[in-house]
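Reader: I have a structure open and would like to talk through its architecture. Could we go over it together?

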Amino acid sequence: MELICPAGTPAALKTAMDAGADAIYCGFNDETNARNFPGLNFSRDELRRAVASAHARGVKVLVAINTFPRASAVDLWQRAVDDAVKAGADALILADVGLLDYAARTHPEQRLHLSVQAAAANPDAIAFYVETFGVRRVVLPRVLSLPEIADIVREIKCETEVFVFGGLCVMEEGRCSLSSYATGKSPNMQGVCSPASHVAYEHGADGTRSRLGGFTINSFAADEPAGYPTLCKGRFSTEHGTGYIFEDPVSLDATTLLGGLRDAGVTALKIEGRQRGRAYVESVVRHFRRALDALAAGQSADVGQLTPFTEGQVTTVGAYRKTWR
Amino acid sequence: MRQSFSDTSDSLPTIPPLLARAITPLPLLPLEIALAGFLQRICRRNPQVFDRLGPHAGKRFGIRPTDLPLAFVVEASPRRPRLSVVRELPPDVDASIASPLFNLLALLEGRLDGDALMFSRQLVIEGDVEAVLALRNAIDDVQLDLTTEASSLFGPLAEPVRRVLAAARASVLPDTRPAEEVRSWS
């Protein structure tokens, strides 16, 4: 299985290569990618250089252009497609059907992957993208159990990529409006979930309050682990009590399921976290490189824990092993 | 110079309170002159940091090592980056970042993950969170090696000084890469 690793900067890309990435995904420094955070991402020149250095080491570069174009600015997204192709990207990761159509018609030789943002979670939906746009790989939404993934792989005619580590969304990938509700900006359109420009932390004697767009979304005691300041990980008081009504602040870690994912026929494993620093990239990529090498050799590997890098300092296997209804 | 990293954000050592108290009466000006020169040199050598800072270049960042009786105000202006050393952060900084000294140094070198420190409550941010994020990402891309930067001020003694500083750093933040790689990287 290929190990697909995140890079928010050229330095992170180099770090991922050093740590054992088979392929690296990244995006342009604008709203065309779903990690449009300040100080992050690649200029056109940086991408060209990154692709050249990756190819020199036999590493692939996948370019995420996975937000949904605004009606009045479709050319921005189309230019991103053209420039990524020109830079030598090994694949484009797209979500919008209009953009998929543009890429398939304009660059028929370019390998296309379907972003998780497209939320294609069943064989019929995936077949549509494969037959219509020639999509070669689908990144499966984080809503599927291991047996469901195996069923899908058997029925479709393209490769599959699944997340094995990092942040989890509330299973509304590509459709979530929580950030938009609170801030007017969303990962789907502007590429930012809970943008930092709308985040405030208030520190007091009783701990820290996180606020998003004027809403208080959580309060942490001084020694209590924290998560990202997103509405989906907010803790709210309702008539049923106070707690995490959408999702606990936890991170996905599917290290223990790698054998099952291989047996299910999955092609590639993806690490979330283009917004994270080099220390995260180094440690998480190296962890999964070791685990995959051990798996390939038929050995068990003591690859250690990644808990310090996780939201709330807690991990989960998410929907892969569903224990809820 | 290749970087090494830690795969844990468990707490790093902090400055002993007795040592921190001993520092308190010392004048701040010599430290300010040295660090301001150091900052300007780093900015000259890594002008791309201002591209990543974008509209946040020129903002005033307050940096407070929580285990020291002093703090720093950094103005990351492309024309003239400034640094001042203060006893207490002024209220008019755009954003402040607080954590024990070794955490801050490890963050500067990209050896610790900022989000992980936030999750474990070892890093406190106030004010303009977007500016802090831009600063973090800009610095992370620079791949600073403070031992190399600092030792280069020592002319012909640069290499031995770098080794001493690197050894001191390793005693605080152990290298967790496989032994064979550590050897091949040195």
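Reader: How many helices and strands are there in chain A?

Author: This is a predicted model. In it, chain A holds nine helices and 15 strands.

Reader: What share of its residues count as buried?
Author: Of the 325 residues of chain A, 55% count as buried. As for contacts in chain A between residues at least 6 apart in sequence, 62% join residues at least 24 apart.

Reader: Turning to α1(A) and α2(A), at what angle do their axes cross?
Author: The axes of α1 (residues 10–19) and α2 (residues 44–56) of chain A cross at roughly 10° and come within 10 Å. Angles under 35 degrees count as roughly parallel, so α1(A) and α2(A) are roughly parallel to each other. Their crossing is right-handed.

Reader: Which residues meet there?
Author: From α1(A), A:P10, A:L13 and A:M17 meet A:E46, A:A50 and A:A54 of α2(A). By class, these are five nonpolar, no polar and one charged.

Reader: Now the contact between the chains: how many residues does each one give?
Author: Chain B gives 34 residues and chain A gives 33 residues. On the side of chain B, the elements that give two or more residues are α3 (48–53), α5 (114–119), β5 (124–127) and α6 (129–142). The largest share, nine residues, comes from α6(B).

Reader: What is the make-up of that side by class?
Author: The side of chain B that touches chain A has twelve nonpolar, ten polar and twelve charged residues.

Methods
Residues are numbered from 1 along each chain as its sequence is written. Chains are lettered from A and ligands numbered from 1 in the order in which they are written. This is a predicted model: local features need pLDDT of at least 70, side-chain atom pairs count only at pLDDT 80 or more; totals for chains, interfaces and linings use all residues. Two residues are in contact if their C-beta atoms, placed from the backbone, lie within 7 Å. Helices (H or I, at least four residues) and strands (E, at least two) are DSSP runs, numbered from the N terminus. Ala, Val, Leu, Ile, Met, Phe, Trp, Tyr, Cys and Pro count as nonpolar, Asp, Glu, Lys and Arg as charged, and the others, Gly among them, as polar. Axes are lines fitted to C-alpha atoms, for helices over the stretch in contact, and angles run from 0 to 180 degrees between N-to-C directions. Angles under 35 degrees count as roughly parallel, over 145 as roughly antiparallel, 65 to 115 as roughly perpendicular and the rest as oblique. A crossing is left-handed if the near helix is turned anticlockwise from the far one by less than a right angle, and right-handed if clockwise. A residue is buried if 20 or more other C-beta atoms lie within 10 Å of its own, exposed if 12 or fewer, and partly exposed in between; C-beta atoms are placed from the backbone.
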